Amino acid sequence: MIMSMSIEVIRPGLLTTVQDLGRPGLQRFGVTPGGAMDTLAMRMANVLAGNNEREAVLEATMAGPSLAFERDTLLAIAGGDLSPAIDGEPAPMNRPLYVPAGRTLAFGRPRRGCRAYVAVSGGFDVPEAMGSRSTYLRGGLGGYEGRALQAGDRLAIRAPDDLGSRMAAHMSRELSASERPFLAATWSAVGLHPWERLVRAAGAEPIAAGRPGQGRSALAGASGSSHAATAIIRVLPATHEALFADESLNAIYGEAFAVAPQSDRMGYRLTGTPLRLRQPAELLSEAVAFGTVQVPPDGQPIVLMADRQTTGGYPRIAQVASVDLPLLAQLKPGDRVVFEAITASEAERLLLARERELARLRAGIRLKFR
Amino acid sequence: MMTERESAERSAADIRLEPLGDSAAVVRFGETIDPLVHRRVIGLAERLAHSPVPGMTDVVPAFASLTVHYDPIALHARHGTAVREAGGSFGYVSRCLAELIQAGGHAAVAQARIVDIPVCYGAELGPDLGEVAAHSALTEEEVIAIHAAGDYTVYMIGFAPGFPYLGGLSPRIATPRQATPRLAIPAGSVAIGGGQTGVYPLATPGGWRIIGRTPIRLFRPEEPIPSFLRAGDRVRFRPITRKEYDRYEEGAT
């Protein structure tokens with residue numbers, strides 16, 4: 001039987017993988033949950049394409065892919081701005097796009113963030129592995145044959161549900177009434193990503209502290225020619241915080257750390273003032289989480305990301321608040337991180353507020369395409 | 001003689017609950033590698049498998065702690081009032097966990113599974129057996145005999161899918177890791193790293209000394225439980241010949 005393929009990969013981009021919300025529930029067997037690095041953008045792209053927010057999307061990294069559409073397709077792009085364009089014409093992000101057969105979506109230079117999410121109405125059709133369509137690169141599992149996309153790959157799309165079908169029909173009518181190469185909705189979803197916490201900062205001078213009660217810092221007004229950006233990432237104290245020397249705690253909450261080139265989907269390696277324990281400690285390995293900031297003996301912290309190991313034995317100095325994981329996932333090598341401590345109740349309040357915004361977006365789209 | 005209730009309270013009293021960020025809670029039973037502490041970890045993991053706390057997405061037993069990952073958004077959506085009364089998701093999950101621990105007390109842990117792992121020791125499947133023997137001032141045969149006589153406990157699955165952290169290696173054959181790690185330790189390799197021994201489910205870089213290889217697949221992504229071993233299992237290594245190993249490889253598993 002010939003499968004109906006709908007998208008051909010012309011160029012794969014630097015690292016483009018199929019991702020969904022991952023495979024939780026298997027961590028006790030050492031299986032990482034994985035999934036999209038920036039789940040907020042991944043869910044937004046799905047909602048804007050008329051999907052259930054768990055559908056499989058493409059995660060493009062830094063240099064995005066070129067994708068040729070073999071049939072009319074409703075899609076949405078969210079997350080990092082990698083300069084998407086359809087047949088050369090800039091394609092707006094964060095809104096439904098209707099692209100006729102024969103057109104090609106390509107990406108240019110990264111303008112903000114580094115991971116873009118492409119959702120197509122219905123979702124990408126790859127087999128589930130351990131309950132998820134996410135690509136787990138280290139295990140060669142899930143996604144498209146367990147690997148990143150390559151030129152010549154052909155991707156199938158699942159049938160959309162009622163909402164996606166209604167949106168596509170609606171946009172198809174509008175497009176045929178116009179002369180344009182594709183149709184973008186006249187409205188967009190903005191404000192869900194905390195981009196205001198990602199600023200272009202000049203120089204390497206230390207940035208004022210982010211410990212509780214000390215207020216924000218010089219960052220707010222910082223500007224400069226450097227291409228690198230600095231993000232203020234909110235964290236909670238971790239279990240081994242008290243084991244660290246005072247100077248190290250001052251450093252983690254007072255200085256910027258750079259994202260090292262060896263950073264990947266598994267973890268972000270940060271470089272800066274080495275962080276030291278007061279005295280050597282023998283620790284037993286135990287569970288880690290998305291956003292655990294652990295410190296190996298060289299003193300350079302590692303933030304564990306989507307494809308992390310499930311357990312770790314290094315001391316943990318902090319834990320990134322869930323609400324800021326999407327922004328952290330958009331940082332690229334050379335960008336810098338400033339940590340700001342917040343309380344658990346603040347972290348929870350911020351996360352719930354973000355979730356309410358996403359729920360409003362979902363409800364708004366349902367209303368618009370009733 | 002303590003009543004069952006007193007005993008449950010005593011066992012609950014020395015347990016500490018702490019948050020791991022905003023989406024996980026750690027139950028701490030101790031700070032040492034101790035079979036009795038680990039049995040309590042496994043006991044709670046088993047109870048959670050049968051009666052999960054609300055919002056739970058994962059439970060990860062370790063040497064002396066157990067971590068419950070939870071979804072605060074789902075918790076607020078389904079148990080909003082109770083969660084707010086408890087001061088937030090962590091407070092609510094802690095309360096549920098404390099109740100479960102109280103109720104369970106010293107409830108008997110299911111008998112550990114005893115799992116047999118056939119190993120072809122030495123030669124090209126165990127290239128570092130000679131170094132381990134030299135370091136231990138033993139013959140290769142003695143190293144094999146000591147390794148295969150051990151009674152090992154799976155304390156935790158972690159590091160890689162299906163990788164067991166095993167306790168119980170005889171100090172007589174403990175051998176430091178290699179100074180320069182290999183780029184790829186083949187899947188199935190049985191190795192010694194310091195005072196630990198383990199089996200590699202996937203080809204992975206590593207500095208442990210490879211003393212043999214098992215034809216058993218430890219990571220089975222196509223099965224509902226994708227790990228051959230589970231925390232709490234008891235493991236016995238059984239020496240097999242190269243011929244037997246090849247027969248397994250041909251599909252006798």
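Predicted model: local features only at pLDDT ≥ 70, side-chain atom pairs only at ≥ 80, totals over all residues.
**Aromatic pairs**
- Rings of Phe, Tyr and Trp (its six-membered ring) pair if their centres lie within 6.5 Å; planes under 30 degrees apart are stacked, over 60 edge-to-face, the rest tilted.
- Nine aromatic pairs are counted over all chains.
- Phe159(B) and Tyr200(B) pair edge-to-face, at 6.4 Å centre to centre and 90° between the planes.
- This pair links distant parts of the chain, 41 residues apart: Phe159(B) lies in the β6-β7 loop of chain B, Tyr200(B) in the β10-β11 loop.
- Phe163(B) and Tyr165(B) are also edge-to-face, at 5.5 Å and 80°.

**Burial**
- Buried means under 20% relative accessible area, exposed over 50%, partly exposed in between (1.4 Å probe, protein chains only).
- Phe159(B) is partly exposed at 21%, whereas Tyr200(B) is buried at 3%.
- Phe163(B) is buried at 2%, and Tyr165(B) is buried at 13%.

**Sheet in chain A**
- Strands are DSSP runs (E, at least two residues), numbered from the N terminus; two strands pair if DSSP finds at least two bridges between them.
- Six strands form an open antiparallel sheet, ordered β7-β6-β9-β4-β1-β11 (chain A).
- β7 (89-90) and β11 (154-155) of chain A each have a single partner strand, so one side of each lacks a neighbour in the sheet.
- β1 (residues 7-11) of chain A pairs with β11(A) over two bridges, antiparallel; Ile7(A) has Leu155(A) as its bridge partner.

Definitions and conventions. Residues numbered from 1 in each chain as written. Chains lettered and ligands numbered in written order. Heavy atoms only, no water. Helix = DSSP H or I, 4+ residues; strand = E, 2+ residues; numbered from the N terminus.
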